[in-house]
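Dear colleague,

Please find the structure below, handed over for your own work. After it I have set out what I found.

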Amino acid sequence: MFLYLSKLLPLFFYPLGLACVSLVVALVTLWKRPRTAAIAIAFALSLLLFCSNAWIAKSLVRSLEWQNIPSQIPNAEAIVVLGGATKSAFPPRPTVDLSESGDRVIYAAQLYRQKKAPIIILSGGRIDWRGSGSSESADMATILTSIGIPSEAIVQEPDSLNTYQNAVNVRKILESRGISQVLLVTSAMHMPRSLQIFQRQGINAIPAPTDFLVSEGELQELGGTPKAAILNLLPDTDNLHQFTTALKEYIGSLVYRLRGWL
């Protein structure tokens, strides 16, 4: 139940959900309280305009992504990859697909081929009300073996349903194998929360972030020309998505801290 509520309740605090609630208030109060309705509509419009412009969205994303940029990646005893990077092989997909966060899987393969660690631990289950199918760890293993990573170098952890469970279950694997240091691979925006959770479990995790949404070049392009500066103030669905994803991480960190997981 906590898992379900943790996914459901924050929706009403994200820009789109909050704007929808505000518009419902406007609809209900339109005839009897037109002033209240007007305020609710203005709030919804202002919220969407604010959260969907590139200047705000990319600044919020950057505040998370650029926290753990390593100067170089050292060798370790294992590479840990967190789930959320695949789509199961349901028709018409011919096989497992990589999602927007699929860079996690590819980067782990690159690190392995660079001999940064001898094994890859894949952590991630499958939430039943989000669709059946194989676990995220199994899907990631399918991708890795298809691009030449030997199956004997892959260890699966198929039971985790959130980042806290990722850390707890991976710690058990590390203890059973006598592993003391790992490279933690996840999306750059997800890394601050993930790293704190793993460290709280006593895991010596070295951040190896990937899947960056904001680069130095993209920041420079924001105001590169007067036209670009103006265009980046206009609402855009990609910017709204990035803002929401970053906000989700901040809310997640708050909830995890309240539960004592950070």
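At the start of helix α11, a side-chain oxygen of D236 comes to within 2.9 Å of the backbone nitrogen of D238; please keep in mind, here and throughout, that this is a predicted model. The helix takes in residues 237-258, and at 1.5 Å a residue its 22 residues should span 32 Å, which agrees with the 31 Å that separates its end C-alpha atoms. After α11 comes G260, whose phi is positive, near 80°.

Several residues of α11 are buried, among them N239, L240, F243, A246, E249 and Y256, and the buried residues of this helix pack against α2 (15-29), α3 (34-51), α4 (54-65), α7 (163-177) and α8 (191-200).

R126 forms one with E136, in which the closest N and O atoms are 4.0 Å apart; R126 belongs to the loop between β4 and α6, whereas E136 is in helix α6, ten residues apart. The other joins R126 to D139, at 2.6 Å from N to O, and because D139 lies in helix α6 and R126 in the loop between β4 and α6, the pair ties together parts that are 13 residues apart in sequence. As for accessibility, R126 counts as partly exposed at 22%, while E136 at 17% and D139 at 2% count as buried. Through shared partners, salt bridges join R126, E136 and D139 into one network.

The loop between β4 (120-123) and α6 (136-146) also holds G133, which counts as partly exposed because its relative accessibility is 45%. Leaving aside neighbours within four places in sequence, G133 is in contact with F90 and R126, and its C-alpha atom is separated by 6.5 Å from that of S88, 45 residues apart along the chain.

Strand β4 itself has I120 and L122 pointing one way and I121 and S123 the other, and all of these are buried. It pairs with strand β1 (residues 78-82) in the parallel sense over four bridges, with I79 opposite I120, and four bridges also join β4 to β5, which run parallel, with I121 opposite V155.

What does the side chain of E157 make a polar contact with? Its partner is the side chain of S160, at 2.4 Å, and a polar atom of the E157 side chain also lies 2.8 Å from the backbone nitrogen of D159. Beyond four places in sequence, E157 touches residues including L122, S123, N166 and I173.

For the overall picture, the protein has eleven helices and seven strands, and buried residues make up 46% of its 262 residues.

Technical notes
Residues are numbered from 1 along each chain as its sequence is written. This is a predicted model: local features need pLDDT of at least 70, side-chain atom pairs count only at pLDDT 80 or more; totals for chains, interfaces and linings use all residues. Side-chain values use heavy atoms; hydrogens and water are left out. A polar contact is a pair of N or O atoms within 3.5 Å; within protein, one must be able to donate a hydrogen and the other to accept it, and residues adjacent in sequence count only if both atoms are side-chain atoms. Contact means heavy atoms within 4.5 Å. Helices (H or I, at least four residues) and strands (E, at least two) are DSSP runs, numbered from the N terminus. The expected span of a helix is 1.5 Å times one less than its number of residues. Buried means under 20% relative accessible area, exposed over 50%, partly exposed in between (1.4 Å probe, protein chains only). Two strands pair if DSSP finds at least two bridges between them. A salt bridge is a side-chain nitrogen of Lys or Arg within 4 Å of a carboxyl oxygen of Asp or Glu.
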